[in-house]
Amino acid sequence: MPGVEGAPSINPYILKQRELTKKSKFSPEEIAKGVLEGNRTLLAKAITLVESNREDHSVLAQTVLERVLPKTGTSIRIGITGVPGVGKSTFIESFGMYLLEQGKRVAVLAIDPTSQKTHGSILGDKTRMETLSRAEGCFIRPSPSSGSLGGVARKTRESMYLCEAAGFDVIIIETVGVGQSETQVHSMVDFFLLLMLAGAGDELQGIKRGIMEMADLIAINKADGKNEPYAIRAKAEYESALHLFPPPKSKWFPRAITCSGLGGKGTDEIWKLILDYATTTKTNGHFEQNRKDQSRLWFQETLKEAVLDRFYGKDGMEKTIQLAEENVVSGKSSLLKEIKKLVAG
């Protein structure tokens, strides 16, 4: 009890967290310092700034990123994808809990689909990962995909850097996995894990090859109960298919295994394979080169985005584009002519 001699006092860390939640405005220096100290409240605020479309927030976010950037790059980045219903959230919770038991600090950036009609997202991954979200040493951040191709939020890479600066050892990026191109998440992680289901049906065959070619490991999930024999059979089929692909630049040859998110089956083997991958690619130089290539691609994509923003942000541009569009639709002018006028202007 408070005031009783010998009674335990409130944890100073908790008191500090309470004070932080009361404060509404922080300087970039305060946010950066909090991120580097592993403060989850300020880490969440930093990611909110990164995801915001407001110009003033963007300036603050970039200032914070500049201050923490030297402390990034120390984690292993894992992308996890798979079709809806494959059990990504259940698997990630089981895998995350296993990593915590190994003494790792885990951050999960879970991308939720954004409605094209309402532009809203459910952001329910914290609910689906209830145990993991409450665990010490874990940070889960659900973010809207904002309509990005492949279900990867536009600012996921910067959020990943912030989590690294906050001291998380493993960064897991979960994609929506709706069958669109997953190249965005592949271009920002070290290891790409593809979750599959046994007996999913021929309707999925069209999307499998492209994703399989990017995968460093295929895990057939829900390999338990009556479904286990089917999963084992699917494993053999995927292993055969992987042998038909050309050798990867990493010199790491992907394989297929079975797992169960519910029972935790296969999580230890998956982690061992990820560590083996890291050792192999760091030894042959691919790990570092791949990150450099990813940074180069990120620069090019961000530059294109900045040019587009500047183009559309010109005074009167919206009305000018509407007039040009009407000229094309009505047949008054050709498409290329109007495009050239817009670009020249």
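Lys251 is exposed, with a relative accessible area of 57%. Exposed means over 50% relative accessible area, buried under 20%, and partly exposed in between (1.4 Å probe, protein chains only). This is a predicted model: local features need pLDDT of at least 70, side-chain atom pairs count only at pLDDT 80 or more, and totals for chains, interfaces and linings use all residues. Residues are numbered from 1 along each chain as its sequence is written, and side-chain values use heavy atoms, with hydrogens and water left out.

**Overall fold.** The protein has 345 residues, and 43% of them are buried. Its secondary structure comes to 15 helices and seven strands. Helices (H or I, at least four residues) and strands (E, at least two) are DSSP runs, numbered from the N terminus. Take the contacts with a separation of 6 or more: residues 24 or more positions apart account for 73% of them. A contact means heavy atoms within 4.5 Å.

**The β-α-β unit.** S6, H11 and S7 form a right-handed β-α-β unit. Right-handed means that, with the strands pointing away from the viewer, the path from the first strand over the helix to the second runs clockwise. S6 and S7 run parallel and are joined by four bridges. Two strands pair if DSSP finds at least two bridges between them. Leu217 has Arg255 in S7 as its bridge partner.

**Two loop lysines.** Lys222 and Lys251 are not glycines, yet each has a positive phi. Lys222 lies in the loop between strand S6 (217-220) and helix H11 (228-242). Lys251 lies in the loop between H11 and strand S7 (255-258).

| Residue | Phi | Relative accessibility |
|---|---|---|
| Lys222 | about 60° | 35%, partly exposed |
| Lys251 | about 65° | 57%, exposed |

The structure holds two cavities of 30 Å³ or more. On a 1 Å grid over the protein atoms alone, a cavity is a set of points where a 1.4 Å probe fits but cannot get out; lining residues have an atom within 4 Å of a point. Grid points are joined across faces, edges and corners, and a volume is the space filled by probe spheres set on the points. The second largest cavity holds about 40 Å³ of space. Its lining consists of Ile47, Glu51, Leu109, Ile111, Arg141, Ser143, Thr156 and Ser159. By class, these are three nonpolar, three polar and two charged residues. At least two lining residues come from each of helix H3 (40-51), strand S2 (106-112), strand S3 (138-144) and helix H8 (156-165).

Technical notes: 1 Å grid on protein atoms, 1.4 Å probe; cavity = no way out; pocket = protein on both sides within 12 Å on 5 of 7 lines; lining within 4 Å. Nonpolar A, V, L, I, M, F, W, Y, C, P; charged D, E, K, R; others polar.
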